[in-house]
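Colleague: I would like to go through the bonds and interfaces here and hear what each term rests on. Please give the criterion along with each value.

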Amino acid sequence: MTAVHHAGEAGTPPTDVNDPHLTRFDIVKEGLRRDDIEIVTYESQFHGQNSKAEKRVVRNISLLFAIAGLLTLAFLVFYIIWPWQFELGHTMSDYYTPILGITLGLGLLALGFGILAWAKKLLPHELSIQQRHGDPSSDEDRLITGQTMMYVADELGVQRRPLLKGAIALGLAPVGLAAAAPLVGGLIEDPHKGDLPMMYTTGFNPEHNGGKPVRLTREDGSPIRPEDVSTGGQMTVFPGIPHGATNHWADSPTLLIHLRADDAAETRKNADADKNGRNRGSMWGNYVAYSKICTHAGCPASLYEQQTNRLLCPCHQSQFLITDNAQPVFGPATRRLPMLPLTVDEEGFFVAASDFKDTVGPDFWERP
Amino acid sequence: MTSDTPARRRARVFSRRRGAPSRARRRLGAAVRMIAALALAGGVYTAFTPGAFAEDNVQLSAAALEGKSLYDTSCISCHGRDGQGVEDRGPSLIGVGSASVEFQVGTGRMPMTRQEAQAEEKKPQFNEDQTKQLGQYVQELGGGPQVPDGPLVDDIEAKPESLARGGELFRINCTSCHGFGGGGGALSSGKFAPSLHDPTPDQIYAAMLSGPQNMPVFGDNQLSPDEKRSIITYIQLQLQEDKDPGGLFNLGRYGPSTEGVAIFLVGIVLLVFTSLWIAGKS
Amino acid sequence: MKRRKVDLADAPVTFAKGVDDRFQAATPLRGLLNKVFPDHWSFLIGEIALFSFIILLLTGTFLTLFFDPSMKEVAYDGSYPALRGTMMSAAFESSLNLSFEVRGGLFMRQMHHWAALLFMASIVVHMARVFFTGAFRKPREINWVIGVLLFLLGFFAGFTGYSLPDDGLSGTGLRIASAIMLTIPVIGTWLSAAVFGGEFPGEFIIGRFYIAHVLIIPGILLALIAAHLGIVFKQKHTQWPGPMRTNENVVGERMFPRYAMKQGGFFMAVFGVVALMAGLFQINPIWLFGPYRASEVSSASQPDFYVMFMDGLVRLMPNWQIYIPIGNGYSIPPMFWPAVVGLGALFTLPMAYPWLEARKLKDKRIHHLLERPRDNPERVGIGMMAFSFWFIATISGANDVIADKFHISLNAMTWAGRIGLVLIPPLAYYISVRICLGLQQHDRQVLAHGVETGIIKRLPNGQFVEVHQPLGPVDEHGHPIPLEYAGWVVPKKMNRLGALAPAVKGFFYPVEKPAEIPVSPAVGGPVKKEEIKSGR
């Protein structure tokens, strides 16, 4: 194979490509010359054609392609015949995805490495140098282009015609605004609209229940009696209104906790000593209910530690002390969890005496 | 004290040998005879100590009496006499029920080796029978929740809806601490919710009933026995026994954190090696 | 009319002529075929991102055929028993169905997710490569900015995609996203209400994220990737300094066939690795997470790794709230700083960096040659500072998992992160600058005195000295004449000079032909200058 160490420099004379004596490689080189490329090294990786080493490489590459073909064929076969429908337990179908991945993955890897080996081991070694020509445009060209642009402006003559200037501003600005209006106008929702602004009310607001206090219910809508929650237990409760447990009332989930007597006494003491009085009298017996929606980022802060009386939020690790008005004691939360005023109706089920007296959920700019 | 002396004696033998490796404990027959002398000494010792509670609680069943003698050697130092509790060392066991014993002793959390943030799961020190005996004793001391007899995992052929119901209850009540995949999770200051991949149905049931350590109590009024069984069915069939359909390895089902590690350790490493090979001179 | 002879052998020529008549393609095509690319492993990292993006487009298109971006409540009735009868959104149901009812659908979903992680991971590595080698300098500042924008877009593409299945984890992520919007002063509530169409979660968000995820963001990504590659093509790739390499040329191999084949083979390898990972490692098992419910959450709730730094910063942020006692009172929640200001800064500062550095160094030259990291300790220091900051923030995003699995207190992890975030980056700066200076000094030392040979000689006066092999010519006393540093690898071991065969054959270290130079220091023959620059 050709080994070329040619000392071509920019400015070597052009070759006549129509010369019938030229080899194809000579023509390629002429093309390279025109692109300012010089091949410095171009030599076969093997000694002599059809050398043993070359044959071995060719064999290996062919083998890789064959493996690729076999594995992707296997992929097809398994794709069709392997049981794939989900079954509980440890079954054949659990291996469907792994088998697809292994056959296709290894097949593609074999194909990729076959091509790579071809490029790397079989093609001649090459070292080419191309000139960059990264020079900026000539000063003249810059001048011409710049002047042309200025001339375009002159042609329009906006500078000379101030009336036009004003007309453009007046006429076109509304067009731009009109283009944006449907998008902005369509998306905008007033977060504070209505008598029950969404940021400040939850499903426990009696307004959602025809003015009657809202019951606390389980996720299936069944009401809760005090004895349903054991001492040291907690229950996620929802407002007992239609769809109360769905995401429509995403800020309403509440944690109902039955404290041990001594903890309850402490909680009551702290709730009654509450500075702004919001939590005063909100407990019922040894029961207390806090909003489950973290005041930091809105995750359900529901990791209730019944010995330490802490509530932990799993998203950013804010920790709230249940016995002290759910005051944040660790992590990024700044505000305590709102307490839901509890009482029991005549049938003996828990109801919310009123809505939360504090804003539920993450903080925002205009929260009072 | 007459009729139950042999039983107590045997129990004493058990407890004396408690420190030995559990393997040895199983080869009991010969060993009992070999250290009969010790047992006798124990009997004598018992005779001389004020045997107040044996006489007080004549109604203790045989199993409970065996449990009591285990209790008196292994638990009394922290939980006090008759499970009354010792200030700053161990809580009272009156009313905790056998479910609590089932969980705490059955998973090796009790006896504790030292006071720490949370009792660690260890190799159980008592075998199943002994745990039952201890449980019986604690039950008879002051009552409390008990794990019911009968299967705790539903047959989903007969009750197919149990699995989905269990999953739903699991996500409402359990995942916040134990995680969607049941792998457990961290709590404040070094405490943690353990993985659910190992415990038996009995232990899970007992844990829900008794609320061990920082786990909230899920009494039968909150989660009915049926609902508890559904949760256990979900844990056992879906989280413990089901092979993940999405791959040979489930990366611990921790979600994005282990997936992020995998993409760098496997994906990027493999491909950087490949690019090293591609660009390396051959 | 004369019947023309159709010669099949001439057909390609005729066709080519026809094409050129119409499009004048021959000259540009020749230029394309001949274009020279430099060859170095680190130049291939960006390709991983490109190829993952192609995989993302392919698998993503497949997924859209089965996904239903609707939040309508339906009861699941598929083949996954543990959710049968459960109420869920149609989006979640269709995600389950494409995992369990579509043959090979789960595999495609997992490929899509792994390819997304690979896309972001390779962007991170590629960005580090470009930064530490100074490849962003003039004239490539704009491409660096586009690269940063690509990461930002990838971040949002990833987040919107993560939210689409509407599973328990993604809903939690959306909830946090809404809380982040709420923290923005003045417009927070309005912004959140506009995005979610009212109160969180509303009924629109999945549909809106869907169109963002499958049309708007990929469209912009595609355009920016095209611009990114176009600029690389126009400006030609940077190269390392070395023999024959100058600021005015590119030394490498022509695009066709070798370079193109390597690219094709590498694409297949990337595809293979993604497929392999999709088969071996389960990712995002949404069936375990269940449908999103505002009341349900899991321990270890995290975003994907490329969002984790933000989550980590939010976790580490102390609870400093700013109250403004005007009227009813206003407040800026602490999350505003890491999540909005922090994210903004983490993207705008890198974008401005090329100009900041050029201004500081008063460097307005055009750079086509890369700089070894050690030759610009300042930049390495800043890079390591930024990287360690990002790394600690990312680790902190998973601090609960780490706390749980390694039995560390969660609170201690948070504090370690807070302190680490303040202390480690300056430390990383200092250490990496010192390391760079040390490496620089060692290079200069070897150039001045030669390579340590390990041969100890005893002088007549009893003193022991180590014999050095000079790299260049020696003066009349046999002392080496110091060589100029050429910005490239200085051989520091005798093996590299051909004294011994390389210890490792082939793979990491190329097997180099031993240069024929005398080893004996007494002779100390002049070594060609090229040798200094040898190596890859």
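Colleague: Why are A:Cys299 and A:Cys315 called a disulfide?

Modeller: A disulfide is called when two cysteine sulfur atoms lie within 2.5 Å. The sulfur atoms of A:Cys299 and A:Cys315 are 2.1 Å apart, so the pair meets the definition. This is a predicted model, in which local features need pLDDT of at least 70 and side-chain atom pairs count only at pLDDT 80 or more, while totals for chains, interfaces and linings use all residues. Residues are numbered from 1 along each chain as its sequence is written, chains are lettered from A and ligands numbered from 1 in the order in which they are written, and side-chain values use heavy atoms, with hydrogens and water left out.

Colleague: What makes the disulfide of A:Cys299 and A:Cys315 left-handed?

Modeller: The torsion about its S-S bond is about -95 degrees, so it is left-handed. A:Cys299 sits in the loop between strands E6 and E7 of chain A, and A:Cys315 in the loop between E8 and E9, so the bond ties together parts 16 residues apart in sequence. Strands are DSSP runs of E of at least two residues, and helices are runs of H or I of at least four, numbered from the N terminus. The search over all chains finds one disulfide.

Colleague: Why is the meeting of A:Asp35 and C:Arg30 called a salt bridge?

Modeller: The rule asks for a side-chain nitrogen of Lys or Arg within 4 Å of a carboxyl oxygen of Asp or Glu. Here the N to O distance is 3.0 Å, so the pair qualifies. Between chain C and chain A the rule finds two salt bridges.

Colleague: What makes C:Glu296 and B:Arg171 a salt bridge?

Modeller: The N to O distance of C:Glu296 and B:Arg171 is given as 4.0 Å. Between chain C and chain B the count is two salt bridges.

Colleague: How many residues of chain C are in contact with chain A, and what area is buried?

Modeller: Counting heavy atoms within 4.5 Å as contact, 100 residues of chain C touch 87 of chain A. The two chains bury about 7900 Å² between them, 63% of it on carbon and sulfur atoms; buried area is the accessible area (1.4 Å probe) lost on being put together, summed over both parts.
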